[in-house]
Amino acid sequence: GPGPIAMRAMTSAGLMLLLAAAPVALPPGLPPQVDLAPDPAFVLPDSLLAQLTLVTDLALDPDGSLYLVDRNFPAVLHLERSGALRRIIGRRGGGPGEFSYIYQVGVTRDSLWAVDPGLLRITIFPTSGRGQLTVPFGSSRNDAASALREPVRRGIPAVMLADGGFVVEDALGMDSTGGVPTRIAVLRTDRDFVLRDTITVLPFGHTPLRFVYRNGEAHFMQPFSDDPTIGYASDGSLIAQVNRTAARGRAESSFTVTAWRGDGRRLWRREVAYRPARITRAMVDSVAELLGGNQDPHLPGRPVTPDSIRARLYRPPMLPPVERVVVGRDQSVWLKVRFADSPPGRAEWLLLSPRGFPLQRVNTDAGFRLLEAERTMLWGVEGDADDIPRVVRYRVSMNS
């Protein structure tokens with residue numbers, strides 16, 4: 001699933017980047033588009049839906065079952081293939097197997113791991129059997145066992161690797177406000193979060209929207225950012241980075257996707273051609289109303305208005321071609337794209353093979369947030385009319 005990039009990653013020293021070979025251009029032309037509808041065979045029971053308010057992550061078990069976590073539910077929900085509840089793992093608290101809240105979840109080999117940023121630790125459960133292992137990270141670490149090698153102190157784990165180590169996102173430098181990183185280092189560490197090497201460093205050039213007022217602050221990511229973005233398979237087997245600089249005009253352009261194995265070795269780098277789409281006034285107005293319209297009545301004088309959003313938006317000449325990247329357990333790579341021929345009112349996803357070649361373009365509901373994927377299945381969340389998260393599955397036909 002998606003990693004903890006940007007504001008949640010903090011500090012590291014500059015390290016050697018892996019060398020990049022010349023990109024290999026893809027054959028011209030992209031696959032035709034296919035429209036998808038949610039699979040009616042996958043339904044969460046109402047008793048379970050009532051517990052969900054802000055789904056943050058979802059991971060697939062090799063047996064086909066799912067692990068689901070919600071920001072406001074202090075445990076992991078283990079679901080059957082059908083969506084029925086199999087069991088609840090963990091509970092609220094600060095002891096072993098307990099959580100303040102869970103942001104990320106994944107399955108690596110025979111271990112279920114869950115990241116709790118509130119308690120600054122990862123809890124690892126066997127997928128079959130009892131017990132758990134608690135691994136602290138960041139400032140909560142006990143450094144006695146690592147006196148000779150300095151652990152990564154403030155990075156946030158993105159995924160657990162097959163050998164028990166982690167991929168961690170860490171900030172390099174801060175902007176003039178002192179609160180926003182200017183680069184994000186993607187690091188490999190061992191089980192004790194001692195640094196092994198650096199996979200890549202991502203520039204973080206477009207300062208998020210930051211509003212300071214008497215009762216606090218509000219932060220929003222730039223909706224039209226064309227900084228690089230990255231995604232991780234939930235079992236740590238593949239990491240994919242997209243360099244997605246916005247085109248300057250409507251002529252055919254391209255973006256680059258680079259993939260690494262979990263052990264840090266680079267697998268491939270592909271260049272994908274596309275025809276750019278422009279940013280319209282309606283898009284800007286929609287974003288401004290969405291971000292500036294969420295006024296909190298308990299915070300009078302909050303300066304987040306549609307006009308203040310418009311004034312601080314980063315607006316490149318054309319839309320950045322890729323909005324998100326999600327890597328499946330089968331090493332398929334799913335890119336949420338915005339091309340000139342993308343359908344209005346729908347979300348388009350470009351599927352790349354485990355070697356980086358385009359296989360399909362599929363369209364989902366515009367509000368669909370993809371959290372876990374395979375070549376033939378997509379799992380994620382859609383909001384209904386009451387803004388209650390609805391967990392859905394899409395089936396992707398092999399010959400569509």
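Asp285, Glu289, Asp307 and Arg310 are joined in a network of salt bridges, a salt bridge being a side-chain nitrogen of Lys or Arg within 4 Å of a carboxyl oxygen of Asp or Glu. Over the whole structure, a search finds 18 salt bridges. The structure is a predicted model, in which local features need pLDDT of at least 70 and side-chain atom pairs count only at pLDDT 80 or more, while totals for chains, interfaces and linings use all residues. Residues are numbered from 1 along each chain as its sequence is written, and side-chain values use heavy atoms, with hydrogens and water left out.

Three further pairs are described individually. Arginine 346 forms a salt bridge with aspartate 35, with 3.1 Å between the closest N and O atoms. This pair connects distant parts of the chain: arginine 346 belongs to strand 25 (residues 346–352) and aspartate 35 to strand 2 (residues 33–35), 311 residues apart. Helices (H or I, at least four residues) and strands (E, at least two) are DSSP runs, numbered from the N terminus. Arginine 346 has 29% relative accessibility and counts as partly exposed, whereas aspartate 35 is exposed, with a relative accessible area of 53%. In these assignments, buried means under 20% relative accessible area, exposed over 50%, and partly exposed in between (1.4 Å probe, protein chains only).

A salt bridge also forms between the side chains of aspartate 39 and arginine 395, at 2.8 Å from N to O. Aspartate 39 is located in the loop between strand 2 and helix 1 (46–49), and arginine 395 in strand 29 (residues 389–395); the pair links distant parts of the chain, 356 residues apart. Aspartate 39 is buried, its relative accessible area being 10%, while arginine 395 is partly exposed at 46% relative accessibility.

Glutamate 348 is in strand 25 and arginine 361 in strand 26 (residues 358–365), 13 residues apart. Glutamate 348 is buried, with a relative accessible area of 2%, and arginine 361 is buried as well, with a value of 4%.

Strand 2 pairs with strand 26 in the parallel sense over three bridges, two strands being paired if DSSP finds at least two bridges between them. Valine 362 in strand 26 is the bridge partner of valine 34.

Positive phi values occur at two residues other than glycine, described here in turn. Arginine 109 has phi near 55° and lies in the loop between strand 9 (104–108) and strand 10 (111–116). The relative accessible area of arginine 109 is 64%, and the residue is exposed. Glutamine 331 has a phi of about 70° and is placed in the loop between strand 23 (322–327) and strand 24 (333–337). Glutamine 331 is partly exposed, with a relative accessible area of 24%.
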